[in-house]
Amino acid sequence: MKTLTFMIVEDSPTMRQLLAFTLKRFKGARILEAGDGVEALKKLNQEKADLLIVDINMPVMDGLKLISVLRQSPEYQDVPIVIVTTEGAEEDRKRALALGADAYIAKPVHASTLIQTIEQLLNARKSSEGA
Amino acid sequence: MTERKPPNGGPEMEHLPDNEKKKSHHVDENLFRRSQEFSQIFNQTRQFVEDLLKENERLRYQIALLQSRQPSAPMIERLQKEVEYLRKRVAELERENQFLEARYREIEAENKDFALRYAEIEEQNNNLANLYVASYQLHSTLDFQEVLRIVKEIIINLIGAEMFGIFLLDEKDNHLHLVAHEEMDEVVGMKVSLEAGILGRVARTGEPYYINQAVRPDAPIDYLHPLACIPLKIKERVIGVIAIYRLFIQKDSFSALDHELFSLLAGHAATAIFSARLYTQSERKLMTLQSFLELLTTPPPSK
């Protein structure tokens with residue numbers, strides 16, 4: 001089985017640690033961390049991620065800008081992106097999904113919701129690759 | 001059968017008178033007709049008898065066939081034993097089926113119980129992860145501003161509060177001073193007397209305060225009456241309070257985990273804030289002393 005690589009793009013170290021803790025439930029998963037969009041792009045140039053967890057409100061480059069940049073790159077056109085944010089309004093959700101996010105979770109995050117969402121996205125991707 | 005022609009008078013009839021001739025002719029015709037009818041009935045009867053014989057033959061054959069198929073006495077005995085065995089087996093299987101059905105129901109109930117337990121453990125695991133991360137982060141630094149930033153991160157990301165303030169007690173003036181906040185720019189520098197509102201009461205008594213029902217996101221803000229107020233305590237000594245005024249739109253009330261986090265914040269955040277403040281103060285004093293020492297030990301520049 002292929003080892004999964006996740007990237008957490010989040011400016012809060014507390015939240016990054018909590019998300020990394022949750023993602024460790026995927027056996028052998030590699031976890032990359034970035035504090036903002038620019039740092040994320042730099043790290044993604046060096047190593048490819050299978051799924052990204054992105055916050056919206058971040059310094060330097062926010063999550064929405066990062067998604068639009070990634071969706072223009074052929075390498076990251078179809079990589080699942082999960083937004084995890086404090087912005088719980090419906091219009092924020094719609095905007096993020098329209099920009100290319102695959103799922104939207106409002107904080108505080110329940111580990112089971114995050115795991116379930118990631119599993120669904122990875123399974124959908126696997127079946128679309130197999131088709 | 002040869003067909004007979006009806007008599008129409010021969011030479012022997014010729015000597016009879018005319019009326020006798022007519023009578024005789026009539027009798028002949030009758031006889032002829034009856035003989036024909038008889039001949040027809042005879043033919044039909046013969047056909048019927050032939051059919052009966054054939055049917056008889058067929059039935060005889062059937063009887064012989066059935067007789068040849070009839071099981072013998074030992075075979076009947078064996079078949080009866082087999083039937084008996086099968087009856088017993090059916091009864092056994094029925095009992096087994098009943099047992100399996102009962103076991104299935106038991107396992108189904110156990111399964112539901114396990115699913116519930118799994119969900120509970122999952123929830124506890126989630127809560128422990130939150131508490132572990134919060135505690136780990138709180139004690140990861142001795143920088144006062146950094147500790148305040150971590151407390152804010154915990155309140156925003158793990159509790160889901162949109163507007164809140166961290167107040168520390170200044171024992172010189174017995175007032176709570178706002179030292180860090182989120183969305184409270186209009187009251188920066190706010191200080192609260194220990195006699196004022198919920199904040200003062202929590203600081204005096206050391207007992208936390210929560211509103212347990214759902215709160216409207218657009219409800220007016222009263223800075224002395226928050227949704228939740230948690231004392232920051234080191235043992236029984238209150239060093240400040242955290243007051244939460246508004247939750248995020250996606251969160252309408254506090255959960256069980258929030259209460260756990262409040263308890264954690266009450267103890268660990270207080271210790272972390274207190275230690276960091278002392279450390280920062282002592283660092284500052286140390287630097288001042290070092291500067292004095294340097295001044296005292298450095299020889300004056302020679303003229």
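Chain B has an average pLDDT of 85, and 92% of its residues score at least 70; pLDDT is the predictor's confidence in each residue, from 0 to 100. Select residues 1-7 of chain B, where the pLDDT is below 50 and where the model shows 7 contacts beyond near neighbours in sequence. Two residues are in contact if their C-beta atoms, placed from the backbone, lie within 7 Å. Where pLDDT is low, the predicted coordinates should not be read in detail.

This is a predicted model, in which local features need pLDDT of at least 70 and side-chain atom pairs count only at pLDDT 80 or more, while totals for chains, interfaces and linings use all residues. Residues are numbered from 1 along each chain as its sequence is written, and chains are lettered from A and ligands numbered from 1 in the order in which they are written. For the complex, the predictor gives an ipTM of 0.86 and a pTM of 0.70.

Next, select strand 5 of chain B, residues 228-234. Helices (H or I, at least four residues) and strands (E, at least two) are DSSP runs, numbered from the N terminus. Of the 7 residues in strand 5 of chain B, 5 are buried. A residue is buried if 20 or more other C-beta atoms lie within 10 Å of its own, exposed if 12 or fewer, and partly exposed in between, with C-beta atoms placed from the backbone.

B:Leu232 is bridged to B:Gly240. These two strands form a hairpin with 2 residues between them, and B:Lys235 in the turn has a positive phi of about 55°.

Now select B:Val241, one of the residues with the most contacts inside the largest nonpolar core, which has 82 residues. Such a core is a set of buried Ala, Val, Leu, Ile, Met, Phe, Trp, Tyr and Cys residues joined through C-beta atoms within 7 Å. Helix 3 of chain B (residues 144-159) gives the most to this core, with 10 residues. Among the residues that B:Val241 touches are B:Phe167, B:Leu199 and B:Ile230.

Finally, show both chains: 17 residues of chain A are in contact with 19 residues of chain B. Helix 1 of chain A supplies the largest share of the side of chain A that touches chain B, 7 residues.

Methods. Two strands pair if DSSP finds at least two bridges between them. Lists of a residue's contacts leave out its neighbours within four places in sequence.
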